[in-house]
Amino acid sequence: MNDLLESHFGIIPLKVEKLNGYDSINYLVKTNDNKYLFKTYNTLELLPFLKAETEALKFLDNNKIFNSPMPIEFLDGEYVKKITYKGQEILIRLLSYIEGVFIGEIKSSTEITNSLGILLAKLNLKLQSWDNSVIKSKESVWNLNSFTMCKESIYLIEKYSDRNLVHYFFQQYEFEVIPHEQKLRKSIIHNDANEWNLLVENNLVTGIIDFGDISYSDLINELAIAIVYNSYKESDYLFWAEKLVASYNSIIPLEEIEIKILYYKVALRLCVSACNSAKAKNTNPENKYAIHSESKILKMLREWIKISPFRAENFFRKACGYKKLIPTEKASLISRRKEIFSTSISLSYKTPILFKKAAFQYMYDEQGNTFLDAYNNIPHVGHCHPKTIKVGQDQMSKLNTNTRYLYDSLYDYSEKLLAKFPKSLNKIFLVNSGSEASDLAIRIAKWYTKKNKLMVVEQGYHGHTQIGIEISDYKFNNSKGIGQQEHILKIPLPDYKNKIKSVDQIIHGFDNQLNNNRNNVALFISETILGCAGQVPLPKNFLKNVYSKIRDQGGVCIADEVQTGFGRSGNHFWAFEDQDVVPDMVIIGKPMANGHPMGAVITSKKISDSFGEGVEFFSSFGGNPVSCEIANTVLEIIEEEDLQSEAKEIGEYYMKKLKSLKKDSYFIGEVRGKGLFLGVEIITKSGNPNPILAQKIKNGLRDKFILVGTDGEFNNVIKTKPPLCFNKQNVDQVIFEFSKILKKIN
């Protein structure tokens with residue numbers, strides 16, 4: 001290096017020290033009088049951009065407000081050269097070395113943050129008066145306006161959960177920002193205000209270096225990038241973001257549209273950085289500098305999803321002197337609801353929640369609060385999972401029709417779904433919901449057996465249709481219900497209420513009912529874990545015993561997997577597998593298409609062929625291409641992300657934590673369920689059902705922004721059945737708040 005410095009610059013160095021670099025090899029050069037930064041590049045295509053960067057630095061050299069590197073001339077008057085060195089063509093240049101302490105080396109302070117915002121705004125003001133066609137034509141993976149260049153690198157990110165966040169925010173950026181792109185101010189910006197490019201002196205940011213990523217981009221990108229690197233080593237990201245926004249805004253007032261999309265710009269920078277770090281690690285794992293910020297970036301990305309975009313926007317509006325967003329008036333909505341809907345359609349919680357958006361296991365209300373969803377099992381793989389959204393959009397733009405026509409997705413999905421069942425269950429009827437599936441299953445079973453008695457389990461629930469109500473003790477035995485019809489037979493629920501009765505006694509009573517109605521029982525239907533009963537699992541071998549007796553007298557056995565299917569119970573893909581049985585029919589729904597309406601009946605060829613001899617079955621929307629594509633994606637996600645194993649592992653952790661609560665409280669009875677389908681029985685000190693306390697706990701958790709439900713015969717069971725992306729940190733949050741509520745009561 002010494003010979004290059006002497007021949008091209010006339011500099012005789014005392015010492016040359018190699019420094020870290022991203023796409024260049026950098027050297028600190030020390031002479032008697034000065035320090036310089038000598039930079040070499042192996043990519044010759046950078047030549048026009050390095051020349052343009054030099055022009056930018058020369059333009060800024062007149063500025064006395066902050067320090068930036070000054071290009072040093074070669075002896076012949078040039079600033080960037082292509083040379084041959086050790087048989088290889090490289091680019092070289094020399095810059096002045098700016099002394100100072102990097103922000104990354106010191107503790108954060110509001111004083112430093114405020115001065116950073118002012119420096120960046122003054123830099124941007126200066127650059128707004130400078131134009132360069134080469135910079136404007138530059139494409140870079142670090143330019144947020146070119147984020148699509150990073151998409152291929154998403155799959156290099158190690159964890160699926162992190163990949164999903166990047167997919168989600170890229171998708172949300174397309175929804176929330178791209179439509180406003182033409183309204184955003186454009187400028188040439190530094191584009192990389194990270195903590196190792198910013199110099200501090202006397203608690204003020206006085207210098208900015210490394211203009212290698214200078215780009216023509218949205219002006220607001222400068223601030224978004226700085227927010228990431230100024231905040232990501234802290235925990236209260238919005239606190240630091242607000243300080244930075246306020247100080248920047250004092251020099252360059254932000255427009256409302258820029259404030260509105262800033263949350264997504266920050267997320268985009270996190271995602272771009274995560275992608276580029278993953279690519280750098282894959283391409284050159286030895287380059288530690290290229291991935292030095294990776295862990296902090298991913299940590300902030302995981303926390304950023306927990307921040308409501310509405311909350312963030314209000315923080316930024318406050319920083320810029322704008323009024324808070326005006327939330328929708330809930331009282332007005334409730335009033336309109338009463339005018340439009342029947343009172344039979346209920347609302348959750350004493351204080352209903354108005355939700356505006358959701359992502360994975362989080363839901364955001366109109367006030368900017370983030371709720372942890374520990375309750376909704378319909379978004380099985382997570383609210384708004386980006387993969388399900390994308391395939392739904394794609395298919396809706398192509399074709400949506402019915403099963404009287406041929407289309408690939410119908411067969412692709414059906415075959416893949418049937419492969420999840422025992423071989424004898426090889427025929428499928430696609431409908432729109434679990435309720436429709438229940439209704440159809442009863443119709444098929446009655447046609448096949450030519451019998452009319454239907455046997456159900458106490459507290460069972462199978463849907464909202466007329467037949468669904470007739471076979472759901474949870475509904476018909478309600479004080480407002482229709483009562484048990486003559487053709488319905490019911491056996492007791494073998495759970496905690498029947499301690500005076502052994503399972504054998506229940507089976508004995510079951511036998512008596514069968515004998516009294518011999519050859520008239522068409523079917524037996526039950527969930528394996530009864531959800532509306534309060535997450536009550538059936539005893540081991542219970543279904544095996546019942547199925548055998550039902551079949552002996554000519555009936556069929558139906559497993560209701562609407563709530564427990566698709567890996568939720570953890571051990572198996574279907575909960576009935578825990579009982580070591582093979583039903584004659586299975587009904588599924590709820591999580592099947594992650595919230596898109598879909599249900600199905602799965603049965604054998606023999607039963608299906610029999611039904612085919614009757615009146616044609618047809619569902620206008622059941623099995624349509626959009627539903628099939630989304631449902632197929634749900635299966636793919638469960639497999640790719642190994643969500644069944646996650647349900648087992650997190651479920652066991654959750655159960656352990658809930659049982660630890662039981663040890664410390666008189667008010668917890670049984671803790672039961674399996675996988676991520678759990679129930680906590682709330683009782684009085686004397687052991688009786690305690691629905692009043694259960695409601696207090698549910699509403700208490702709601703006040704701490706956690707969603708659970710209550711159910712069971714006495715409405716005293718806390719139900720938790722979250723999306724399968726629920727993690728241990730989420731469990732700990734629930735347990736912490738649950739425990740605080742119980743301690744106040746104890």
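1. Lys186 is partly exposed, at a relative accessible area of 33%. Here buried means under 20% relative accessible area, exposed over 50%, and partly exposed in between (1.4 Å probe, protein chains only). The model is predicted: local features need pLDDT of at least 70, side-chain atom pairs count only at pLDDT 80 or more, and totals for chains, interfaces and linings use all residues. Residues are numbered from 1 along each chain as its sequence is written, and side-chain values use heavy atoms, leaving out hydrogens and water.

2. Lys186 forms a salt bridge with Asp218, with the closest N and O atoms 3.2 Å apart. A salt bridge is a side-chain nitrogen of Lys or Arg within 4 Å of a carboxyl oxygen of Asp or Glu. Asp218 is buried, at 0%.

3. Arg185 pairs with Glu255 in a salt bridge, closest N and O atoms 3.7 Å apart. Arg185 lies in the loop between α5 and β7, Glu255 in the loop between α7 and α8, so the pair ties together parts 70 residues apart in sequence. Helices (H or I, at least four residues) and strands (E, at least two) are DSSP runs, numbered from the N terminus.

4. Glu652 and Lys648 meet in a salt bridge (2.9 Å, N to O). Both lie in helix α21, four residues apart, about one turn of the helix.

5. An open sheet of four strands runs β23-β24-β27-β26, with antiparallel pairing. Two strands pair if DSSP finds at least two bridges between them. The edge strands are β23 (668-674) and β26 (709-711). In β27, Ile718 is the bridge partner of Thr710.
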